[in-house]
Amino acid sequence: MEIRTIRYFLMVVDTGSVSAASRALHVAQPSLSRQIRQLEKSLGFELFVRHRGRLHISPAGTRLLPVARDLVTRHDQAVAMMRTLAEGHEPRLTVAATVTTINDVLAPLAAVSRHAVLNLVEVATAGIADTVSSGQADLGFSAHPGATDLEVRLVVRFPVFAQVAAGHRWAGRPTVPLPELVREPLIVPTRTYSARRVFDDHLSRMSGPLGRHTVQEMDLPRAAQALAARGQGVAIVTDEPQYGLHPIVITGPAEDERVDLPLFALWNATHYAAELIERCVAEVRDFCVHTFPEAGEA
C-alpha cells in the first residue's frame, strides 16, 4: 500500500468522483480507477459504492479514512523533517495555542530562544487537541485539554489576576480573597476565555456563578483592562497588566488556595520529533517560571 495510492483515495473522497480527482491530480482517469481497484484488492474490501449513479464512500472506506489521512500527514511530516535535517537544521515545530498564550508566552519565547523554531498558529481552546491529533500542529498548549489520546503534560500554572487602577484602594496589596473580591464591580472576559471559566469554577464552590448585576462582560481581556483603567471596576484576567493597572493575585474560598489557570502541553507520543517537542515543552516551562514571578511550576 503506497502513499501515492492513499493520496488517490483521499482525493476521490474529497472531490466526490474519480473524474474530479483525476483532474485535480493530473492523472488519467483509467489509471486512477485502476489504482483504486488495486488498493481495494490489497485491502480486501470495497472503498466506494455506487448508489443511484453517484459514487459514495463505503462503510469500510469510512473506517479507513481517518487512518489514511493520518498516514499521509505523518509521511509528509517525516519527509519535511528529513529534508530539514539534511540541511543541518532542526525541524520547525508548528504550535497551536490561543492568542493570549501566543502573545504572552510563545512569541516572546520564540524571539529569544536559541533552540525552538516555532510556527505559531492561533486556535481556540476547544480546537487545540483536534488540531494536534489531525497533524495540523506538532504541539499544542491549552488550559483545557479534555479527554484525548495525546500525551498531556502540565507545564505551569498562571494566577488569575484582579487588576485595578493605580488609584484604587487595593493598589499595592498582593492578594485579595475571592469572597471580598466579588463584592466589587467586576469586568470579565466572556466564557470563551479560559480565565473566565476558571474564575467561575472557583466562584461556584462559594456562592454560584456571577450575576449580571455584578459584572460587565467584554469580548476581549484587553477591553476589560481598559475599563478597569478608567476606574469602572476590577478586571479579571491572566494577561500582563496594561494601562498602568496593578495586578492582585486572587485566593480561593480556602485560605491556602489560589485561583490558577493551568497550561498543558499536548502532543502525539509517537511523533517523529517527540524528543525535540519535549525539549520545547521544557523550554516553555523554564521561560514561564523565569519571566512571570507569580507562575507556579508544575
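The following passage describes the overall form of a predicted protein model and several of its residues. Local features were considered at pLDDT of at least 70 and side-chain atom pairs only at pLDDT 80 or more, whereas totals for chains, interfaces and linings use all residues. Residues are numbered from 1 along each chain as its sequence is written, and side-chain values use heavy atoms, with hydrogens and water left out.

The secondary structure comprises 10 helices and 14 strands, taken as DSSP runs numbered from the N terminus (helices, H or I, at least four residues; strands, E, at least two). The protein is more spread out than a compact globule, because its radius of gyration of 25 Å is well over the 19 Å that the globule rule gives for 298 residues; the radius is taken over C-alpha atoms, and the rule is 2.2 Å times the number of residues to the power 0.38. The C-alpha trace spans about 80 × 50 × 30 Å along its principal axes. The accessible surface comes to about 15600 Å², 51% of which belongs to carbon and sulfur atoms (Shrake-Rupley method, 1.4 Å probe; for residues, only the protein chains shown count as cover). Of the 298 residues, 46% count as buried, where buried means under 20% relative accessible area, exposed over 50%, and partly exposed in between (1.4 Å probe, protein chains only).

Helix 8 (residues 194-204) is mostly covered, with 9 of its 11 residues buried. Among the buried residues of this helix are Val 198, Phe 199 and Leu 203. The buried residues of helix 8 pack against several elements, including helix 7 (178-181), strand 9 (186-189) and strand 13 (260-267). Asp 200 is found in helix 8 and counts as buried because its relative accessibility is 6%. The side chain of Asp 200 makes a polar contact with that of Arg 191 at 2.7 Å; such a contact is a pair of N or O atoms within 3.5 Å, and within protein one must be able to donate a hydrogen and the other to accept it, with residues adjacent in sequence counting only if both atoms are side-chain atoms.

Strand 13 contains Ala 265, which is buried at 0% relative accessibility. Leaving aside neighbours within four places in sequence, Ala 265 is in contact (heavy atoms within 4.5 Å) with residues including Leu 139, Phe 141, Val 152 and Val 281. Ala 265 and Leu 139 are 126 residues apart in sequence, yet their C-alpha atoms are 7.1 Å apart in space.
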